[in-house]
Amino acid sequence: MNGQAIRLTVRPRPPRPEELTLRFSERAIKELETILRHYPDRKSAMLPALWIAQREYGGYLPPEAIAEVAYRLGRSYAEVEGVATFYTMYNKQPVGKYMLEVCTNLSCMLCGAYRILEYLQQKLGIQLGETTPDGLFTLTEVECLNNCGDAPVMQVGDIYCRQLTPEKIDAILEQLRNGDEHTVLQLAEVEVQLHLSEQERASL
Amino acid sequence: MNIIRDVIKPISRGMRITLRHFLGEKQTVFYPEERKEQFRRTRWRHVLLRYENGLERCIGCSLCAGACPVRCIYVEAAENTDEERYSPGERYAKRYEINLLRCIYCGYCQEACPTGAIVLREDYELADYTRESFIATKEMLLEPLPVRDAVAESTTAQE
Amino acid sequence: MPKPKHVEPKLVNIEINGIPLQVPEGELLIEAAKRIGADIPIFCYHKYMKPVGMCRMCLVEIGTKQPDGSVRKMPKPQTACTLPCTEGLVAWTESEQIIKDRRAILEFLLINHPLDCPICDRGGECPLQNNTQFYGPPVSRYIEIKRHLPKAFPLSKYVALDLERCIHCGRCVRFTEEISGDAQLAFLFRGAQMQPHTFQLTEFTSRFSGNVIEICPVGALTSRTYRFRARPWDIVTQKSICSMCSNGCNLYLDSRSGQIVRINARENPAVNETWTCDKGKFEQTYMHAPNRLTQPMRRRGGDWEPISWADAYDLLLARINEARKTGDRQAIAAIAGQRLSNESLYLFQKLFRAAFQTNNIDHRLTRYQGNLQADVAARLGYPTSGIEYGDLESAPLVFVFGSDLIEEQPMIYLRLRKAWRHYGVKVLVAYPLSTPVEEFAEVSLRYPVGGELDLVKALLQRLSDSFPASPSQSPNPVSIDAAASLLAQSPGVIILVGEKAWNHPEAQSLLLALVELAQRLPDGKLALLLPEANSQGALDMGVLPDLLPGYASVDDATARARFEAAYSVPLPAQPGLNTDAIFHACLTGEVQVLYLAGVNPVERHYDPALAERALSACDFVVVQDALMTETAHYADLLLPACTFAESEGTFTNWERRVQRFWKAIEPPGDAKPDWLIFAELWLRTMRQTPPFNPREIMCEISELVPSYADCTYEMLGDQGRRWE
């Protein structure tokens, strides 16, 4: 940042509450209200609220989603953004339909996680952190998934794919392409439902 | 009084020393046509140096003014811009003044300088007629811009 | 629970570095260590914020005394900033292990620090520099390439952020969350990528943003107005008081070559703790405004002709004498500003009462211009405020009435927020518009604009059915009921009354209703918040048409006799004209000479058109001010005055705390301090020895005004003194 910049730049103002475009659906608002009843403080519902936002905003959290969560919880924007950027499972960038999260921590690495990664990159024609042009797959590298016994492990949406080999990957990719399961949105949905009791789910 | 012992002998002894120096190597020079060579570490008037690319070394940090025991340095800093760049980095000295009447040429400023911008060199001809003329401004202190040797540059370019 | 007023703390025996001492139970070890002068380096700890133990700089070794007298040591060092003292605590702050730990922590912090100290505005007064100097490693073992992040990123027009320099102590983030309450800064990302930022890098719009610059222990948050203007060793620092509002924040004015380059907070636990608002910190630059007056000037046709001070005095006194001879008692009138010091205001009233024999003096530009002594003091025992800052913390309920607290009284807002956050003080707010106080208020009453009186009447009616019902509709019956029951249930309510009350069309009835409300509530206290830095002082110093200094009535012969003996002239006994009456008398031509000292009615009077018409109608208008204000354009004679930074004196803040300020810079040109102008006029008219300096004037005040008896400069000291 040079001198010129500091003299001329005027930062945009943070949006006022009335300037926000709220995109939560009826159902999402109901879910949030139900979850809020679990806690004495509205702040406590921030993580489930962000999951709801991730689902409502198409699998990732654009700044508008963060602002909406802040507005609905009565917290400041920066506070919610701090929480959203702290946790890696909240996506800050648009992602594909499926997230392929390959563990490269010690056990998986020893069992050939990098070979798996390379195979995936080759097969999908993308680098780490990129999305395929058809918008189906986003490939990322993650830390330990707590499944070292079945290394190498990859997380796809709400499931783990264990003891990976190139053949298994081919099968998984084929299955994902043809099916509509284990998407990013589905993971968010599962996470939201986890915060609701049986009764609450029924009443919604 | 013994005239030989008390007058002639001492005078001739004294004149002998005079004569020896008269015939020996001369210490005086024909100033101002000639100048004596200064010691390499002599400390006279300050110079503000530049980098090879012509940018000023001074970043206007005022550490020299802080170190100065007689507080004869005044520095006013400002911000570099891309259009007007004086030194690398964010900050440069907009005004840099030394009161040479007050300066005791101790060289603490040179020691304090983090970029080696200010040095005391051998320009010792500092006499002048008015007090105002002893305020050395940045323009007076700053090393002239390196002269570009156009011929040499073009030949190296051709090579 | 609200903070209890007086608690005898339980003492515990602890031992630091082999020195036994007794401290209150629960006091943090880092504060206890200060009692014996043991220095514990800190970054994240701040006296007025919750400790978090983030920076690990304050590590100490601790242990506990066993019943048999032996000491059981904790195996690992602990952070002194999060450790409350308990019985038998033993701590070592200088052990070999601790010295090694501190060095290691500083080495780690410096790995990611750019070490651009020569160009950093914090260089020379930087806690990181100082701690490294005293406790850090002499050389770095880090030879790899340093990380690079945006430098001098502009967060707002006041604050620049340099992410490379940040050491993640969290002070700024905690400040916005705990103290100012807007939580505009937060840590984004985590681990090595962690950085404090606003939401999406939008503007940092907090009204207290300047404080993060002061509390940042490195140069990560720096001031854009002070950027590269001076180094700490170029600066002359002088103690002062903020002149922007009646909160009376203690300040340091830092000047270089006669220019104020920076304003910092000065700690006063009873007033501003260590905070300032942005208005006081960045916007207080009028002493260097281009429209400063530097020379006395008289009007010649449409032009200004510079004249000498002697000629100016001659001209002024000639016009005054003429007016006194030809006109009646009303021919001279004067209005003083509320930013003048107590000393200037005292001499002002002395000059006009004794030398010019008129009571036509006032300082108020609000709609309320009645007699505070009769309206408030006679009923409640105090003229404006029955509380001080600390009382907000121990009250059960604070009722903010007709004040946008954050705009009008920023420091009271901070203290009220602290009271609510730390001590659970309940807040009730009544304001026509949305205000930040509503965010933490128990009940908010939004009444229609101008509906203050109806609201108070409705509340009074709810509190006692005998009170006649309010004629018009009250804002919201449900919340009024809630508010009334809240008020009735909490003995010791504090009512903070803001600007809306002073400027209400029926200001006097409203004030009386509020007094009634305070009396009706069990142990209720009223605090009438004043608009400007020395509004309270102007009341105390008797710059009023009907009250002498110390709220004695002018028609009270015994009170007058005391002043007459001191001034050795008789004083006029009939109350004079208040501001509005003065303006109306100007219009009828009764007032021939109008003296305006540091006051700008054309901009500040509630009815600027009236002020403008009066000033144009008046024969001879004298304006004594530091700036060429809108009012100064109507003047026939201009006298250049000094600002608070260029003269010495005292201000009295809203809680009646008299605080000294010192001269920081030289006045520009021929400008003179206000008190000196009055003293010289006094010398020319009365042929009596004038006071030679503000100290002497304060001595005279303390002799004549009983409430200021303890307010000599010797007694005031740095932190001021509240008169009872």
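Read along the sequence, chain A of this predicted model runs through the pattern α-α-α-α-α-β-α-α-β-β-β-α-α-α, which comes to ten helices and four strands. Chain A touches chain C through 16 residues of its own and 24 residues of chain C, while chain C in turn meets chain B through eight residues from chain C and 13 residues from chain B.

**Chain A: extent, domains and a helix pair**

- The C-alpha trace of chain A spans about 60 × 55 × 30 Å along its principal axes, and 35% of the 204 residues in this chain are buried.
- Of the contacts in chain A between residues at least 6 apart in sequence, 65% join residues at least 24 apart.
- The domain assignment divides chain A into domain 1, covering 17-92 + 188-203, and domain 2, covering 98-182; the centres of these two domains of chain A, taken over C-alpha atoms, are separated by 28 Å.
- Helix α2 (residues 26-36) of chain A packs against helix α3 (residues 46-56) of chain A at an angle of about 170°, the axes being 10 Å apart, and α2(A) and α3(A) are therefore roughly antiparallel to each other.
- On the α2(A) side this contact is made by A28(A), E31(A), L32(A) and I35(A), and on the α3(A) side by P48(A), A49(A), I52(A) and E56(A); by class, the residues of the contact comprise six nonpolar, no polar and two charged.

**Contacts between chains**

- In the contact that takes 16 residues from chain A and 24 residues from chain C, the side of chain A receives the most from helix α5 (residues 77-86) of chain A, which gives seven residues.
- The side of chain A that touches chain C divides into eight nonpolar, four polar and four charged residues.
- In the contact of chain C with chain B, to which chain C gives eight residues and chain B 13 residues, the side of chain C consists of five nonpolar, no polar and three charged residues.

**Domains of chain C**

- Chain C is divided into domain 1 (11-94), domain 2 (297-369 + 541-641 + 670-688) and domain 3 (385-528).
- The C-alpha centres of domain 2 of chain C and domain 3 of chain C lie 36 Å apart, and the contact of these two domains joins four residues of domain 2 of chain C to seven residues of domain 3 of chain C.
- The side of domain 2 of chain C that touches domain 3 of chain C is made up of two nonpolar residues, one polar residue and one charged residue.

**Nonpolar cores**

- The largest nonpolar core has 265 residues, and those with the most contacts inside this core are A336(C), V398(C), F399(C), I495(C), L496(C) and L514(C).
- With neighbours within four places in sequence left aside, I495(C) is in contact with F399(C), F401(C), L514(C), L517(C), A518(C), G524(C), K525(C), L526(C) and A527(C).
- A second, separate core of 28 residues includes A65(B), V75(B), I98(B) and C103(B).

**A helix pair in chain C**

- Helix α9 (residues 372-380) of chain C and helix α16 (residues 507-520) of chain C pack at an angle of about 5°, with their axes 10 Å apart, which makes α9(C) roughly parallel to α16(C).
- In this pair, D375(C), V376(C), R379(C) and L380(C) of α9(C) meet Q508(C), L511(C), L512(C), V515(C), A518(C) and Q519(C) of α16(C), and the residues of the contact divide into six nonpolar, two polar and two charged.

**Two buried residues of chain C**

- P410(C) has its place in helix α12 (residues 410-423) of chain C and is buried, with 24 other C-beta atoms within 10 Å.
- Residues up to four places away in sequence not being counted, P410(C) touches R207(C), N247(C) and C277(C); the C-alpha atoms of P410(C) and N272(C), which are 138 residues apart along the chain, are separated by 9.9 Å.
- F651(C), which lies in strand β29 (residues 649-652) of chain C, is buried, with 28 other C-beta atoms within 10 Å.
- Beyond residues up to four places away in sequence, F651(C) touches I241(C), G248(C), S341(C), A533(C), N534(C), G537(C), Q659(C) and F661(C); the C-alpha atoms of F651(C) and A533(C), 118 residues apart along the chain, are separated by 6.7 Å.

Terms used:
Residues are numbered from 1 along each chain as its sequence is written. Chains are lettered from A and ligands numbered from 1 in the order in which they are written. This is a predicted model: local features need pLDDT of at least 70, side-chain atom pairs count only at pLDDT 80 or more; totals for chains, interfaces and linings use all residues. Ala, Val, Leu, Ile, Met, Phe, Trp, Tyr, Cys and Pro count as nonpolar, Asp, Glu, Lys and Arg as charged, and the others, Gly among them, as polar. Axes are lines fitted to C-alpha atoms, for helices over the stretch in contact, and angles run from 0 to 180 degrees between N-to-C directions. Angles under 35 degrees count as roughly parallel, over 145 as roughly antiparallel, 65 to 115 as roughly perpendicular and the rest as oblique. Domain bounds come from an automatic or database domain assignment. A nonpolar core is a set of buried Ala, Val, Leu, Ile, Met, Phe, Trp, Tyr and Cys residues joined through C-beta atoms within 7 Å. A residue is buried if 20 or more other C-beta atoms lie within 10 Å of its own, exposed if 12 or fewer, and partly exposed in between; C-beta atoms are placed from the backbone.
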